Amino acid sequence: MTMDVTDLAAVRTDHVRHIATTLRDVRGPLLPILHAVQEDLGHVDPADVPVIADVLNLSVAEVHGVVTFYRDFRRAPAGRTTVRICQAEACRSVGAEALGEHAKHRTGVGFGETTSDGAITLDEVFCLGNCALAPAVQVDDRLHGRVSPARFDALLGEAR
Amino acid sequence: MSASTVRVFVPRDAAARSVGADEVAERIAAAAATTGRAVEVVRTGSRGMLWLEPLVEVETPAGRVGYGPIEPEDVDGLVAAGLLDGGPGGLGLVEDLPWMRRQQRLTFARVGIVDPRSADDFEAHGGNAGLRAALTMEPSAVVEEVVGSGLRGRGGAGFPTGIKWRTVLGAAADIKFVCCNADEGDSGTFADRMLIEGDPFTLIEGMTIAAHAVGATEGYVYLRSEYPDAVETLTAAIETARARGWLGERILGSDLTFDLHVRVGAGAYICGEETSMLESLEGKRGTVRAKPPIPALEGLFGRPTVVNNVLSLATVPTIMANGGAAYAAYGMGRSLGTNVFQLGGNIARGGIVETAFGITLGELVEDLGGGAASGRPVRAVQVGGPLGAYLPAAQFDLPMDYESFAAAGAMVGHGGIVVFDDTVDMSAMARFAFSFCAEESCGKCTPCRVGAVRGVETIDRIRAGEDRAGNLVLLDDLCELMTDGSLCAMGGLTPLPVRSAVRHFGEDFGIPATSTAATTTEGTA
């Protein structure tokens with residue numbers, strides 16, 4: 001079965017409108033809506049912004065401003081697995097910078113980029129709260145501690 | 001559960017899971033099944049001895065016997081050797097370990113002991129005693145009890161919690177809020193996360209007491225997205241609390257109505273600043289508000305709002321259960337009670353140390369922490385997160401209290417201590433302080449937004465040996481401007497790690513050791 005692009009866009013718009021309408025009445029609904037859109041649809045597309053703005057009776061500029069302020073909200077799809085490497089002080093004290101370079105070399109992409117096969121999005125993060133078992137890495141929602149370059153390679157192997 | 005059922009405790013804390021606690025728990029359940037004995041594996045929070053994770057504990061008549069760190073492949077052998085009866089291969093009774101005996105656990109009393117998902121376990125270990133006591137008292141009496149405890153904000157600013165509550169209680173409004181700042185973004189801090197993952201009902205209890213004390217009906221916990229385990233645990237605990245009548249209408253049969261919601265952050269460090277957090281809760285960009293008005297009078301949606309850190313709120317139940325005076329008996333000077341210190345970075349024994357204020361930095365880093373994990377000498381520690389000062393080992397006799405640290409040009413902050421060994425390049429760390437500020441600045445005020453970028457450039461010139469003397473003067477001038485001119489602590493305190501690095505580790509900036517004092521000015525406290 002094939003579906004043309006306009007149909008897909010319409011399905012997405014309906015979904016975003018449904019999320020926004022469902023959450024509209026909680027206090028300060030915009031962040032919960034953006035999280036829900038990203039959870040369900042993988043990212044917050046620029047085309048979602050006017051839909052959300054319409055439901056909340058905000059300007060497109062206001063919603064755009066919020067989407068772009070927060071690092072979490074992606075405006076394009078991520079890879080199938082997101083790997084984030086802590087680059088904050090505690091992890092730096094035990095080699096997080098070198099681990100970050102190793103990760104870039106292994107994946108062939110920089111922080112904030114996705115591998116060409118769509119498997120891995122690599123990113124940096126500032127503190128995962130695992131400072132006594134540093135360096136810390138998060139693979140999707142799963143935290144890993146004392147990650148050596150060898151252990152990173154093993155995690156990457158599991159992710160692929 | 002029959003009397004012969006063996007209870008084995010394995011943490012579900014994210015840090016413990018990060019080094020294999022789930023796999024260990026599975027292997028224990030499987031190994032126990034082969035012995036034919038009735039075994040219950042209870043998933044708890046972590047005791048905070050993170051170098052021992054995964055730390056398994058077995059209930060015995062004498063107490064809980066610990067085993068750790070355990071690899072999944074160790075499990076079968078340990079069970080065969082008698083782990084289920086507290087047999088050989090262990091650490092002895094966990095409560096008797098030197099690390100535990102040095103502590104006074106009030107805020108963290110139940111963390112690592114109870115099942116964080118069990119409301120029954122919480123109550124069986126003294127949970128809700130503080131709330132029950134508070135509900136028999138007038139709101140103003142609760143506020144004065146907290147004032148009398150000497151409790152100061154554990155998020156870093158150290159403002160007296162009770163005084164803040166008094167302001168909110170005295171404000172008239174159609175609705176008031178209690179907001180918990182759980183946006184624990186400082187590197188080297190993880191106590192908020194561990195409290196929420198290990199004993200979430202205590203935070204709910206503390207926020208409910210705050211609601212009663214100030215007349216609030218709605219509460220929000222602003223929890224960072226980097227902590228998915230904590231989000232899940234707290235969300236589940238709130239649902240359980242509602243079902244038990246601990247949240248909602250007529251709480252514990254009283255006239256109190258209060259409900260609580262989790263709001264997840266979105267990866268912005270600045271939202272740990274209280275006014276940015278309020279903006280974010282309102283669904284806006286997390287930019288800082290000018291103060292006044294203070295949030296206690298015009299906070300969330302312009303209404304009077306209590307904004308407290310996780311640890312401040314989670315300490316209130318013990319204060320109400322045992323009295324403010326009992327809490328104030330701990331500590332020194334104007335830093336009363338206990339603080340939850342966190343040892344991280346390059347440290348042999350990292351984790352949670354809850355103890356009375358006044359313990360020295362050296363006792364924490366050397367005696368409890370065991371020095372650097374690398375086995376090399378400790379050269380520097382950063383206390384209080386990315387906006388805290390770097391201190392040399394020569395200052396290890398400094399007592400951990402708000403005033404002593406301020407006098408030394410440093411700050412206790414949220415109690416996080418990050419250790420670096422002698423391989424650290426302090427000019428690189430000073431550069432990182434500026435680049436982090438540049439990355440995370442909300443952009444509202446110029447000293448922070450532009451100053452951070454100029455700071456990176458200036459340090460790069462110093463590191464490259466380009467007009468060092470001139471650029472050091474420029475750096476100091478920039479630091480002074482950011483300190484005096486920034487709207488909040490992000491720009492205002494970024495100079496603290498930078499200046500302290502230059503002052504104490506001038507050789508890393510190309511300053512001859514003898515001229516360090518002359519080239520740099522005193523701290524910013």
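One term before we start: two strands count as a pair if DSSP finds at least two bridges between them. Keep that in mind. And remember that this is a predicted model.

How many residues does the hairpin between E3(B) and E4(B) pass through? Two. For one bridge, look at Val56(B): its partner in E4(B) is Tyr67(B).

E3(B) also pairs with strand E1, residues 6-11 of chain B. Here we have two bridges, and again the strands run antiparallel. Find Val8(B), and opposite it, in E3(B), you will see Val58(B). As a reminder, strands of a sheet pair through backbone hydrogen bonds, either parallel or antiparallel.

Now over to chain A. Here is an open sheet of five strands, and the pairing is mixed. The order is E2-E3-E1-E4-E5. Which strands stand at the edges? They are E2, residues 113-114, and E5, residues 142-144, of chain A. Each has a single partner strand, so one side of each is left without a neighbour in the sheet. Take E2(A): two bridges join it to E3(A), residues 120-125, and the two run antiparallel. Glu113(A) stands opposite Leu122(A) there.

A helix packs on this sheet as well: H7(A), residues 149-159. H7(A) touches E1, E3, E4 and E5 of chain A. Its direction makes about 10 degrees with that of E4(A).

Next, helices in chain B. Start with H19(B), residues 468-485, and H21(B), residues 495-504. Their axes come within 10 Å and cross at roughly 150 degrees. Angles over 145 count as roughly antiparallel, and therefore that is what we call H19(B) and H21(B). The crossing is left-handed. H19(B) brings Cys479(B), Met482(B) and Thr483(B), while H21(B) brings Pro495(B), Val498(B) and Arg499(B). By class, that contact has four nonpolar residues, one polar and one charged.

On the H9(B) side we find Arg193(B), Ile196(B) and Glu197(B). They meet Asp229(B), Ala230(B), Thr233(B) and Leu234(B) in H11(B). The classes here are three nonpolar, one polar and three charged.

Now, where the chains meet. 47 residues of chain B are in contact with 34 residues of chain A. Which element gives the most to chain B's side? That is E12(B), with four residues. Chain B's side divides into 22 nonpolar, 16 polar and nine charged residues.

Last, confidence. The predictor gives the complex an ipTM of 0.96 and a pTM of 0.96. Chain B averages a pLDDT of 96, and 97% of its residues score at least 70. Where does the pLDDT of chain B fall below 50? Look at residues 516-525. Beyond near neighbours in sequence, that stretch has 24 contacts in the model.

Definitions and conventions:
Residues numbered from 1 in each chain as written. Chains lettered and ligands numbered in written order. Predicted model: local features only at pLDDT ≥ 70, side-chain atom pairs only at ≥ 80, totals over all residues. Contact = placed C-beta atoms within 7 Å. Nonpolar A, V, L, I, M, F, W, Y, C, P; charged D, E, K, R; others polar. pLDDT = per-residue confidence, 0-100. Axes fitted to C-alpha atoms, helices over the stretch in contact; angles between N-to-C directions. Parallel < 35°, antiparallel > 145°, perpendicular 65-115°, else oblique. Left-handed = near helix turned anticlockwise from the far one by under 90°.
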